[in-house]
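Subject: Handover of a two-chain model

Dear colleague,

Please find the structure below, followed by an account of what was found in it. I would be grateful if you could read the two side by side.

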Amino acid sequence: MKTPTGDHTDVKLSCRNVWKVYGSQPEQFFDSSQGRVEDAHKHADAIRDADHIVANADVSFDVHVGEIFVIMGLSGSGKSTIVRCLSRLVEPTAGEVLLDGEDLLKKSDAELIDIRRHKMGMVFQSFGLMPHLNVIDNIAFPLKLQGVEETERYAQANRVIELVGLEGRENNFPKELSGGQQQRVGIGRSLAVEPDVWFLDEPFSALDPLIRKQMQDEFLRIQSKLHKSIVFITHDFQEALRIADRMAIMRDGAVVQIGRPIDLILNPADDYVREFTQDVPWERILRAEDILDGAAKPTDDLNKVAAGTLVETLLPALAEHEKGVIVEAEDGSTLGVATARGLAAALAGGCAPSSTAQEE
Amino acid sequence: MPFKFNRNDLHWLGVIAVTLICLSLQSEWAWMAKYPKDLILPISDWLNVIMDWIVEYLGWFFLGVSWALEWPIKAVRFVLNALPWSVTAFLFCVVAWAASGWKLAAFTLVSMLYMLMIGYWSESMNTLSLVAISVPLAILVGFAFGVWGFFSDRAERIIMPMLDVLQTVPSFAYLLPILMLFGFGTVVGLIASVLYSFPPMVRNTIVGLRGVSPEIIESGLMSGAKPGQLFWQVRVPSALRQLLLGVNQATMASLSMVIIASIIGGTADIGWEVLSTIRKAQFGESLLAGMVIALMAMVIDRVTAGLAARSGDYDPEDKSFAQRHRYWVVAALGAALFFVLAQIFGTLNVWPRTWEFSPAGVMNDGLTYVVVNFRGEIETVKKLAFFFVMLPAKIGLQGAVSPFTWGFDLTLAHKIGYAAVVFALAAWAAYRGRTNTGIAILIFAILIYFGLTGMPWPALLLICAVGGWKIGGRALGVGTALGLGFIVVTGIWPEAMLSVYLCGIAVLISFLLGTAIGIWAAHNDTVSAIVRPFNDTLQTMPLFVLLIPFVMVFKIGEFTALLAIIAYAIVPAIRYAEHGLRSLPSNVIEAATMIGATNRQMLWQVKIPLALPVMMLGLNQTIMYGIAMLVIAALVGTNGLEQIVYIGLSDGDFGVGIIAGIGMAIIAIITDRMTNAWSRKRQEDLGLSIK
């Protein structure tokens with residue numbers, strides 16, 4: 001089970017004041033200040049008024065080591081552009097992208113190729129597989145480009161094939177595979193070079209819902225083994241909730257809110273975020289530690305549960321025991337008491353404002 | 001809302017007024033009817049001077065190239081002629097098998113046996129050897145230009161019009177300059193064929209490289225590909241299918257040009273065989289030789305198309321070496337076996353003369369019988385078509401109607417009646433709010449009455465230029481005016497009109513007939529299944545061959561040319577009509593069905609309007625095919641630009657031939673741009689996209 005707190009301290013990848021502007025002369029809007037402007041909102045509007053398209057406006061966030069950072073947004077929100085700015089498939093107009101503290105945007109083409117070869121992996125929405133290569137050659141493709149010997153290349157590719165569960169499919173060509181299997185190849189290829197940073201651009205959006213859920217589980221399983229630093233793009237809020245350690249919600253090229261899924265649900269920054277959080281199944285998001293009741297005192301006759309227990313499984317106990325249950329941290333220390341009142345309070349925090357919003 | 005005129009309509013009414021004024025003044029001002037001789041720019045003379053200079057001072061260079069290219073041709077020719085026929089035939093069958101399976105292999109075997117039996121083996125091999133050298137060259141050149149155009153927008157802007165010109169200038173027109181530069185011999189055919197066949201490779205290369213999905217490129221980049229790796233290991237393999245389609249088209253173009261180039265003679269190939277037998281009126285022989293070309297074209301087309309279609313299939317690698325390389329193994333073993341056998345059994349080495357069998361004599365007798373016994377019927381068909389269709393279009397009703405032709409004289413009463421009917425129709429259309437239709441009726445009626453050759457050139461030029469402007473914007477209007485202006489000042493306008501008249505009738509008939517067949521085929525799978533192989537065959541048939549059956553029955557003349565053009569140009573009309581109707585969005589059809597449209601309503605009010613843009617692309621192709629065939633039809637005696645080109649070639653007059661050739665290219669490019677622009681506009685209006 002992933003840790004909901006996500007206490008990753010070291011920053012792996014940092015995106016600072018990144019702007020991407022399309023148009024005839026996008027540079028004119030930025031001086032040497034690395035994309036730092038006083039009022040990003042106003043600045044973006046000014047650029048739009050000058051007939052330019054703002055794909056990303058002043059985007060800043062950190063991705064910590066071993067963390068799954070999800071960027072969620074609807075189509076046109078700039079989420080695909082920002083992940084391409086991070087990998088420099090798209091050249092940002094202004095700002096900084098720091099990988100291990102070094103500015104990626106200052107790297108030469110040769111250095112960039114080297115970084116991509118060893119530190120980055122990327123998975124694409126429609127897979128981006130080479131149609132002329134079979135599964136094992138597709139997965140070994142990045143290694144081949146590096147000039148790795150065939151035997152070594154295939155040995156590594158075979159390890160990855162086992163990891164993504166494609167044994168027996170080595171000699172098939174992409175068009176002979178189902179969508180889910182093709183994306184396994186895409187995942188395998190992106191992992192073949194053992195990258196530190198892993199970009200996934202809507203990797204499961206092209207798959208049908210059942211397969212999508214399977215692949216999410218698979219993805220979490222792989223991540224629990226590899227502990228990569230991940231930037232995961234999706235337009236599906238439920239998917240974001242399932243896998244994110246932390247997430248950013250984007251709108252019109254700008255970040256609206258960053259935080260743990262639970263933070264977003266309990267304290268949505270604005271009505272836009274609330275639109276998404278409204279329909280979430282609370283019982284599957286809230287955990288015992290989120291519904292602590294400050295007024296209740298732990299007594300010996302109460303049952304004990306782990307901090308990460310989902311409210312869904314806790315509901316019968318709360319209904320039965322008026323005084324609630326004791327919530328314990330991983331080390332066995334007592335965090336507090338979860339009660340039905342605590343649950344109601346947590347729900348009220350997330351829900352109440354939205355009802356007023358609807359009335360407006 | 002009856003009688004609504006917008007600015008557009010007023011422009012057109014103005015054009016019609018000017019046209020009528022020109023018509024009434026042309027008896028006063030002779031320069032309107034006929035562009036004065038003194039004002040003709042002697043561009044063809046200048047071109048001849050330039051050409052002479054080049055030949056004199058740079059000739060050594062071209063002769064050197066020619067000399068260098070002669071060797072590989074000779075080598076391939078030697079090998080193909082020296083190999084026992086059994087080995088060659090076997091290898092071709094293996095290639096066909098590898099490309100598309102045993103059916104094509106069997107067809108290839110039958111084709112090759114036919115060549116042997118009819119006794120055209122060595123001629124066929126000579127043609128093949130030229131194709132074998134020209135295709136790799138064309139692919140190389142085409143790929144290089146394609147890559148350049150892909151990476152540089154500026155290069156593309158230069159290359160594309162160049163390709164248009166190369167593909168629309170009639171092939172006869174550039175045979176002569178090549179002949180003058182490179183000297184007499186097989187090299188002329190080679191160079192001409194490379195020039196003619198590399199453009200499709202360029203186009204396919206650009207389209208293919210462009211078509212690689214951005215995600216594949218991005219995944220290549222993220223895999224750490226260097227620019228060279230990205231190109232050769234990501235872009236090119238992903239675009240392979242399109243590239244191979246380019247190879248297919250280049251090969252077909254190369255073959256057809258090699259055949260056409262044999263007109264200069266001395267090649268001892270199969271094209272020369274067809275031509276010389278036509279000239280000697282040995283139609284049986286020429287038809288048999290033409291069949292060889294047709295079979296060759298079909299085999300080559302199916303093989304290269306098969307390779308393109310199979311480019312996505314890869315053999316699983318867990319098979320054994322022999323299994324994975326079965327084609328190579330079979331080819332090597334079989335070839336060796338046949339080679340040895342051929343040394344023992346002479347009949348496998350050289351096909352015995354006694355086994356040859358030519359039904360040419362019988363065919364000639366049969367033809368003579370038909371022509372003699374059905375002379376009356378044949379003459380009637382010819383006469384009817386000539387008096388009632390071709391002549392009116394050429395010299396107009398005012399010239400065509402006479403007691404001799406139509407059985408009565410064109411009296412004043414007739415003329416007034418004609419005018420009244422035309423005006424009534426146009427006014428009725430305008431009253432119904434269809435002013436465009438009304439204007440079209442007026443212009444068409446004027447054209448029919450005075451005939452294309454009877455129209456004053458300033459009026460026609462104006463009509464075309466305004467048409468271009470209205471359809472494709474200012475650039476097209478100006479371009480049209482300039483292009484036609486070139487035709488006027490070089491003094492080839494009268495011949496150009498003769499070309500337009502012949503090609504125009506042929507295209508009109510092809511389009512109407514072809515669209516009708518296409519509509520039928522779209523609604524009836526059986527018809528579709530019957531029509532398709534006919535289309536495939538007609539389309540792969542080198543243009544030359546199509547002439548033969550018509551010349552056999554109708555002798556030389558414009559009517560024969562007309563039929564040959566129709567036979568070739570009808571194919572795209574059928575194809576596009578069927579494709580357009582079959583690929584309509586199903587939700588619209590379902591909606592119309594649920595509203596309760598009858599079959600007739602469905603066709604006329606839903607399907608045809610929606611399919612019209614695709615059909616217009618079909619018209620575009622019909623015109624292009626028509627012009628291509630028109631050039632070849634010069635061989636059976638026409639009078640237009642194509643004939644000047646042909647005469648230029650046989651007289652060795654470079655300037656005259658090339659000017660006429662450019663004239664034809666101008667007409668082709670203008671009509672191409674206009675129909676394309678119209679189709680695109682309609683498409684955008686309908687929100688459709690055409691693949």
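How many bridges join strand 6 of chain A to strand 7 of chain A, and do they run parallel or antiparallel? Strands 6 and 7 (residues 197-201) of chain A are joined by four bridges and run parallel. Within this pair, A:Met120 has A:Val197 of strand 7 as its bridge partner.

A note on conventions comes first. The model is predicted, so local features need pLDDT of at least 70 and side-chain atom pairs count only at pLDDT 80 or more, while totals for chains, interfaces and linings use all residues. Residues are numbered from 1 along each chain as its sequence is written, and chains are lettered from A and ligands numbered from 1 in the order in which they are written.

Sheets of chain A

Strands here are DSSP runs of E with at least two residues, helices are runs of H or I with at least four, and both are numbered from the N terminus. Two strands pair if DSSP finds at least two bridges between them.

Domains

Domain bounds come from an automatic or database domain assignment. For chain A it gives domain 1 (11-259) and domain 2 (282-349), whose centres, taken over C-alpha atoms, are 37 Å apart. Chain B is assigned domain 1 (82-117 + 322-369), domain 2 (127-292) and domain 3 (464-686).

The centres of domains 2 and 3 of chain B are separated by 23 Å. Between them, 24 residues of domain 2 are in contact with 25 residues of domain 3 (contact means that C-beta atoms, placed from the backbone, lie within 7 Å). Helix 8 (171-182) of chain B is one of the elements that supply at least two residues to the domain 2 side, and its seven residues are the largest share. By class, that side has 17 nonpolar, six polar and one charged residues (Ala, Val, Leu, Ile, Met, Phe, Trp, Tyr, Cys and Pro count as nonpolar, Asp, Glu, Lys and Arg as charged, and the others, Gly among them, as polar).

Contact between the chains

Chain A gives 21 residues to the contact and chain B gives 20. On the side of chain A, helix 3 (109-118), strand 6 (120-123) and helix 4 (135-146) each give two or more residues. The largest share, four residues, comes from helix 4. This side has eleven nonpolar, seven polar and three charged residues.

Nonpolar cores

A nonpolar core is a set of buried Ala, Val, Leu, Ile, Met, Phe, Trp, Tyr and Cys residues joined through C-beta atoms within 7 Å; buried means that 20 or more other C-beta atoms lie within 10 Å of a residue's own. In the largest core, of 197 residues, B:Leu175, B:Ile565 and B:Met629 touch the most other members. Another core, of 94 residues, lies apart from it and includes A:Ala94 and A:Trp198.

With kind regards

Conventions:
Contact = placed C-beta atoms within 7 Å. Buried ≥ 20, exposed ≤ 12 C-beta atoms within 10 Å, placed from the backbone.
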